[in-house]
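Reader: Could you walk me through this one? I would like to start with what you mean by your terms and then go site by site.

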Amino acid sequence: MYNIEELYQEIIIDHNQKPRNFGKLATATASEEGYNPLCGDQVTVYIEFEDKVIKAIKFSGSGCAISKASASLMTESINGKTKSQAHIIFNNFRQMITKTADKNFDSNVLGDLEVLKNVSEFPARIKCATLAWHTLKSILDKNNTVISTK
Ligand code: ZN
């Protein structure tokens, strides 16, 4: 059995209180908004692409500790990666959170993201943890060419 305290590990609390890469990204070439009506979490993800590389990523919005910590951890994990690397991290993260790991699951690409593993024991919080990720995914899927938001 898992209790709620186990969900809020130190790293999660730290990322909630001091989110990394938080705020608007002035140089963004793409952005998307995400909303989780079950909890009220809102997030906007901003990415500056340079060719196929995520040169910079930031997020803004408001939400519960899990949604904010997950978005913060995501920006650290994705920053500097290529689009295909970002897709791989997304897939592994989703598999971890939804307990749908297949034979290609590779926890090595997750790093610090593994602190969110216990979220999979709390179905009501899974959407909180995946909100920023689905927002990222929709940017990656849309942004096959570099789009200017100006
Ligand atoms: Zn939430």
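Author: Let me begin with a term: a residue counts as buried when its relative accessible area is under 20%, as exposed when it is over 50%, and as partly exposed in between. By that rule F59, at 2% relative accessibility, counts as buried. Please keep in mind that this is a predicted model.

Reader: And what about F22, what is its relative accessible area?

Author: F22 is partly exposed, with a relative accessible area of 36%. F22 and F59 form an aromatic pair that is edge-to-face, with 5.1 Å from centre to centre and 80 degrees between the planes. Since F22 lies in the loop between α2 (10–17) and β1 while F59 is in strand β3, the pair ties together parts that are 37 residues apart in sequence.

Reader: Which charged end sits over the ring of F22?

Author: That is the charged end of K68, which is 5.8 Å from the centre of the F22 ring. In another such arrangement, K83 lies over the face of F49, at 4.9 Å from the ring centre.

Reader: How many aromatic pairs does the count come to?

Author: The count comes to 2 aromatic pairs. Besides F22 and F59, there are F93 and W133, whose ring centres are 4.2 Å apart and whose planes are at 15 degrees, so the pair is stacked. F93 belongs to helix α4 and W133 to helix α5, 40 residues apart, and the pair thus links distant parts of the chain. Both F93 and W133 are buried.

Reader: OK, on to the core. Which residues touch the most other members of the largest nonpolar core?

Author: In that core of 38 residues, I78, L116 and W133 touch the most other members. At least two core residues are supplied by each of β2, β3, α3, α4 (83–98) and α5 (123–142), and the largest share, 9 residues, comes from α5.

Reader: What is I78 in contact with, leaving aside its neighbours within four places in sequence?

Author: With those neighbours set aside, I78 is in contact with I54, I57, A86, I89, W133 and L136. I78 is also among the buried residues of α3, which include I66, L73 and M74.

Reader: Why call α3 largely enclosed?

Author: Because 11 of its 14 residues are buried, α3 is largely enclosed by the rest of the structure. Its length is consistent too: at 1.5 Å a residue, the 14 residues of α3 should span 20 Å, and its end C-alpha atoms are 20 Å apart, which agrees. After α3 comes G80, whose phi is positive, near 85 degrees.

Reader: Switching to the metal, which residues coordinate the zinc ion?

Author: The zinc ion is coordinated by SG atoms of C39, C64 and C128 and by OD atoms of D41, at 2.2 to 2.7 Å. C39 lies in the loop between β1 (30–36) and β2 (41–50), and C64 in the loop between β3 (53–62) and α3 (65–78), so this pair ties together parts that are 25 residues apart in sequence. C39 is partly exposed, with a relative accessible area of 36%, whereas C64 is buried, at 15%.

Terms used. Residues are numbered from 1 along each chain as its sequence is written. This is a predicted model: local features need pLDDT of at least 70, side-chain atom pairs count only at pLDDT 80 or more; totals for chains, interfaces and linings use all residues. Side-chain values use heavy atoms; hydrogens and water are left out. Donors are N, O and S atoms within 2.8 Å of the metal (3.2 Å for Na, K and Ca); water is not among the atoms, so sites may look incomplete. Helices (H or I, at least four residues) and strands (E, at least two) are DSSP runs, numbered from the N terminus. Buried means under 20% relative accessible area, exposed over 50%, partly exposed in between (1.4 Å probe, protein chains only). The expected span of a helix is 1.5 Å times one less than its number of residues. A nonpolar core is a set of buried Ala, Val, Leu, Ile, Met, Phe, Trp, Tyr and Cys residues joined through side-chain atoms within 4.5 Å. Contact means heavy atoms within 4.5 Å. Rings of Phe, Tyr and Trp (its six-membered ring) pair if their centres lie within 6.5 Å; planes under 30 degrees apart count as stacked, over 60 as edge-to-face and the rest as tilted. A charge sits over a ring if NZ of Lys or CZ of Arg is within 6 Å of the ring centre and within 35 degrees of the ring normal.
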